[in-house]
Amino acid sequence: MKDFANKLSQTKYPSNNLRIYETSDGSISLVNTDLKEGFHNSNGAKKEAIEKFIEPSEINLLKKQKEISVLDLCVGMGYNSACLMDAILDTRLSLNWWGIEQDKRPLDIALSITQFRSIWKNKTLNFLECINQKNHWESNFGQGKMLWGDARLEITKIPKEIKYDLIFHDAFSPQKSPELWSEEFLQDLSKKLSNGGKLITYSRAAAIRASLRRSGLTLQSLLTTKSSGSDWSNGTVAIKSPNPQNKPTNTLLWSSLSEMEEDHLMTVAAVPYRDPTGNSSSFEIIERRNCEQKNSNFSSTNSWKKRWIRTKS
């Protein structure tokens, strides 16, 4: 850990609020000490990326296409896209990749550490270095562009005709970074999905799921794994289905929302985060939601918990 600390101090970006730690699968991660939130869970940074983002992407089904388009929202240390790249390299797929991130430090820090660099294929590592140094990437199996800045603004720079087969939404949690979970922003993201496209996120929050459903997406609940530590959901897959009545079901990875999860969407926890101007601060968005929750006719989250605790017991 001392070596990690030395690496952190040697990076070219100030990193006073970032701390490196090693996860259980041997991959490294970061903690933002200001937000008091880690980039990954302690069970494994790479493992989490694979279980929550890559496996639900169902790369095998996408092999029928010649090209897939992917938007990685909040690239961070690059795990989600790097795991995707490793998987794509074993196919004939061409990748059209876009990434959005506000903070350059996490990827720069990761690439400065041998323990991180050693877990990727050479072409994947080159991909990470290109987007970090040149803001774009191009090879015989795809191309990509990195956008640095506030995602609410950067997403407007993506040409309207581009639609994504996959959107990875991996921002800090809604309570810590509500501006990237507002109903307005999630609606913008849903419009960027192709027919059959998936927005995949670790979040199972009722407010996020309700906003995604109102955006016209079909909700699926990621099934838990032995390592996830969750008792009822590992995240959300929101699918843009040409026919919402045809609910996609993959019993190995996800299922339709359970009665408990549907009931969750009828509580004050489902009141959305709102950012009508697209430039509200985190504090303003949280305060706006708190006010709406106080005036809501929805049932309390505590009553929901009690109902389902009694049901399970």
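Analyst: Gladly! Let's start with contacts, meaning heavy atoms within 4.5 Å. Apart from residues up to four places away in sequence, A171 touches L73, C74, L180, W181 and Y202. Please keep in mind that this is a predicted model, where local features need pLDDT of at least 70, side-chain atom pairs count only at pLDDT 80 or more, and totals for chains, interfaces and linings use all residues. Residues are numbered from 1 along each chain as its sequence is written, and side-chain values use heavy atoms, without hydrogens and water.

User: Where is A171 found, and is it buried or exposed?

Analyst: A171 is found in the loop between strand 8 (164–169) and helix 9. Helices (H or I, at least four residues) and strands (E, at least two) are DSSP runs, numbered from the N terminus. For burial, the cut-offs are under 20% relative accessible area for buried, over 50% for exposed, and partly exposed in between, with a 1.4 Å probe and protein chains only. A171 counts as buried because its relative accessibility is 3%.

User: How do I read a pocket?

Analyst: Picture a 1 Å grid over the protein atoms alone: a pocket is an open set of points with protein on both sides within 12 Å along at least five of seven lines, and its lining residues have an atom within 4 Å of a point. The largest pocket holds about 770 Å³ of space. That volume is the space filled by probe spheres set on the points, with points joined across faces, edges and corners. The lining has 39 residues, and F39, C74, D170, A171 and F172 are the closest to the pocket's centre.

User: Which element gives the largest share of that lining, and how do its residues divide?

Analyst: Helix 2 does, with four residues. The lining splits into 17 nonpolar, 11 polar and 11 charged residues. Here Ala, Val, Leu, Ile, Met, Phe, Trp, Tyr, Cys and Pro count as nonpolar, Asp, Glu, Lys and Arg as charged, and the others, Gly among them, as polar.

User: And what about nonpolar cores?

Analyst: A nonpolar core is a set of buried Ala, Val, Leu, Ile, Met, Phe, Trp, Tyr and Cys residues joined through side-chain atoms within 4.5 Å. The largest one has 48 residues, of which W97, L128 and W137 touch the most other members. Helix 4 (residues 79–88) contributes the most to this core, giving six residues. A second, separate core has 35 residues, including I155, Y164, A171 and L193.

User: What does L128 contact, and what does G144 touch?

Analyst: Setting aside neighbours within four places in sequence, L128 is in contact with G78, A82, L107, L111, F116 and W120. With residues up to four places away not counted, G144 touches W97, H136 and W137. G144 is found in strand 7 (residues 142–148) and counts as buried because its relative accessibility is 11%.

User: How many residues of helix 10 are buried?

Analyst: Seven of the nine residues of helix 10 (residues 206–214) are buried, making this helix mostly covered. The cover over those buried residues includes helix 9 (183–191), strand 9 (193–201) and helix 12 (282–294). Just after helix 10, G216 takes a positive phi of about 95°.

Definitions and conventions: On a 1 Å grid over the protein atoms alone, a cavity is a set of points where a 1.4 Å probe fits but cannot get out, and a pocket is an open set with protein on both sides within 12 Å along at least five of seven lines; lining residues have an atom within 4 Å of a point.
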